[in-house]
Amino acid sequence: MSPKTLYDKIWDAHVAHEADDGTCLLYIDRHLVHEVTSPQAFEGLRMAGRKVRAPDRTIAVPDHNVPTTAGRENPEAMTEDSRVQVAALDRNAKDFGIHYYPVSDIRQGIVHIVGPEQGWTLPGMTVVCGDSHTATHGAFGALAHGIGTSEVEHVLATQTLIQKKSKNMKVEITGKLRPGVTAKDITLSVIGETGTAGGTGYVIEYCGEAIRDLSMEGRMTVCNMAIEGGARAGLIAPDETTFEYVKGRPHAPKGAQFEAALAWWKTLYSDDDAHWDKVITIRGEDIEPVVTWGTSPEDVLPISALVPSPEDFEGGKVEAAKRALDYMGLEPGQKLSDIEIDTVFIGSCTNGRIEDLRAAAEILKGKKIAVKRAMVVPGSGLVRAQAEEEGIADVFRDAGFEWRLAGCSMCLAMNPDQLTEYERCAATSNRNFEGRQGYKGRTHLVSPAMAAAAAVTGKLTDVREMM
Amino acid sequence: MEKFETLTGIAAPMPLVNIDTDMIIPKIFLKTIKRSGLGANLFDEMRFDRQGNEIADFVLNQTQYRETQILVAGDNFGCGSSREHAPWALADFGIKVVISTSFADIFYNNCFKNGMLPIVMPQEVVDVLMKDAEHGSNARMVVNLEEQTVTSSDGEVFSFEVDSFKKHCLLEGLDDIGLTMEKAASIDAFEAGAAQARPWV
């Protein structure tokens, strides 16, 4: 048998049909659904008189629109259009008989945090969702990617996706990370290296000692932003860390089933002599805590660097850099660590897990915020409960952070959590696009520890100075 | 789905790289449960000020580009969020073709589900077409999917590649779900086999 990559193995195990031209029907093991990209898909099913083919494999949770303030169960807490969208998901979940975690359920949260937490996401699966950050689930060695609403409808109706295979890219992070450097710094640094289109046409497998050393939370952070590098999906081969995380989760297999699953999961790795279409290697020791300065995740530099000049770039990026500096209100040559911050946002499917909150709380312990406002939005009700139990919530509250309920919140600012014009935010989320966190809002992407450091000093800060 | 065969229309230049789906259709317009009507808010934050007045120098607000059907854009068009509202907004405005050196994967796929054709061309061709698009309504490009060509306003012909299955579906206006349902037996067989091999899934 010819050697295979992990991607090849998962792909081969899920091809339900292959046409002569290589177009495949890929069988989907888990379909995650949220309120923003699904209403038109369910409507399509109704109009055609179709059912959901595999309701047991379909899991829905409202997350994008929901308020994160107390009393949100009250319909008045939402704007009319948000309420209509959430109500549509309520109704669709009921009518089509799919698994559902409504806002009132403690297990509700960001779809990409709920899936792994509940054990829906398992190694070797295919996972899709009408959301680009579905890449997150790749951390389990599951082939996971975002799809559009037409494809959501296609998966609901057929449990398959029409696909052609992507190419294989290996991103190896060798050696150990230095203190203060986190999974977020890895994933942003990779995008800095490849650019936001560098992964287009590829599925990335992240490997190397620095990746192996990461917890599941950290691995999810890394894979989450594979899409920001343009890749269809990011993958990390499952290992003992993965199996340990999965074991005992509500929807993970139990007993003999678990043992059978484990035996297969242990075959899910890239063979030594597998073919890679592209390989990138970064030394873990070379990665520093990073921040973004512009309006694309590829606009990333170590915190010790200076704001670049448009002349540092070539081609279309020259104009883009000019536009980004103007939008961000920054001057070339300015020290990144001199940039003053108004707001700090900790949360999102990138960095809204318990480990992220612990890392931020570690920096915040006994300190007060020096920014206008700071907000923590746990990724799920269960993350929130655990943080309460560990005393982390008190650290945030004592420091002056708002301690919110679970949802996507200010990552995409569809709910009331938004930046005002020119408000500058250090955010643990994944996109610094123009207007992403609010009209003319300015976003600097950072790790949770770096966000906490910025909250304490009031400017972008090298977290290593506070450790 | 509406068929796509040929299109002759005005092309607008948008040389900016990394035009993301948040730019194409900001999230406040995603709170709809419909597919239609999004064209009014296409590129909303670039096109209108906060009072809803048009920003005069934005390309689609210029007289000669009001009837734009083709966009010639910078690298990595459609990156970011998977929102299909982005192609819906473009199509609703009347834009059925986008030409760039590269597209983000999900956006690219979404276009084909909506009777739209994203065309990948090498940089030197995009440069030529970008220049051509600057001529506004005097420059009508012709896109021929069957022949896989784009013809500039002065008659220069450029070929492009497109996946044969996607091309077929677009030319015939085929519904993906209907096509897949014809293969239900294969899906049933796969499910039965997988239930044996991986019963825990």
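**Reading pockets, cavities and a helix crossing**

Q: What volume has the second largest pocket?
A: In this predicted model, the second largest pocket has a volume of about 940 Å³.

Q: Which residues lie closest to the centre of the second largest pocket?
A: The lining consists of 34 residues, and the closest to the centre are R323(A), E434(A), L16(B), M46(B) and F58(B). The elements giving two or more residues to this lining are α11 (316–328) of chain A and, from chain B, β1 (6–14), α1 (21–24), α2 (44–47) and α5 (123–133). The largest share, 6 residues, comes from α11(A).

Q: How do the residues of the lining of the second largest pocket divide by class?
A: There are 17 nonpolar, 5 polar and 12 charged residues in that lining.

Q: How many cavities of 30 Å³ or more does the whole structure have?
A: The search finds 4 such cavities. The largest cavity has a volume of about 200 Å³. Its lining has 23 residues, with H64(A), D131(A), H133(A), L412(A) and R436(A) nearest the centre. By class, this lining holds 8 nonpolar, 10 polar and 5 charged residues.

Q: At what angle do the axes of helices α13 and α15 of chain A cross?
A: The axes of α13 (residues 354–364) and α15 (residues 392–399) of chain A cross at roughly 45 degrees and come within 9 Å. α13(A) is therefore oblique to α15(A). The crossing of α13(A) and α15(A) is left-handed.

Q: Which residues make the contact between α13(A) and α15(A)?
A: From α13(A) come I354(A), L357(A), R358(A), A360(A), A361(A) and L364(A); from α15(A) come I392(A), V395(A), F396(A) and A399(A). These residues divide into 9 nonpolar, no polar and 1 charged.

Conventions:
Residues are numbered from 1 along each chain as its sequence is written. Chains are lettered from A and ligands numbered from 1 in the order in which they are written. This is a predicted model: local features need pLDDT of at least 70, side-chain atom pairs count only at pLDDT 80 or more; totals for chains, interfaces and linings use all residues. Side-chain values use heavy atoms; hydrogens and water are left out. On a 1 Å grid over the protein atoms alone, a cavity is a set of points where a 1.4 Å probe fits but cannot get out, and a pocket is an open set with protein on both sides within 12 Å along at least five of seven lines; lining residues have an atom within 4 Å of a point. Grid points are joined across faces, edges and corners, and a volume is the space filled by probe spheres set on the points. Helices (H or I, at least four residues) and strands (E, at least two) are DSSP runs, numbered from the N terminus. Ala, Val, Leu, Ile, Met, Phe, Trp, Tyr, Cys and Pro count as nonpolar, Asp, Glu, Lys and Arg as charged, and the others, Gly among them, as polar. Axes are lines fitted to C-alpha atoms, for helices over the stretch in contact, and angles run from 0 to 180 degrees between N-to-C directions. Angles under 35 degrees count as roughly parallel, over 145 as roughly antiparallel, 65 to 115 as roughly perpendicular and the rest as oblique. A crossing is left-handed if the near helix is turned anticlockwise from the far one by less than a right angle, and right-handed if clockwise. Contact means heavy atoms within 4.5 Å.
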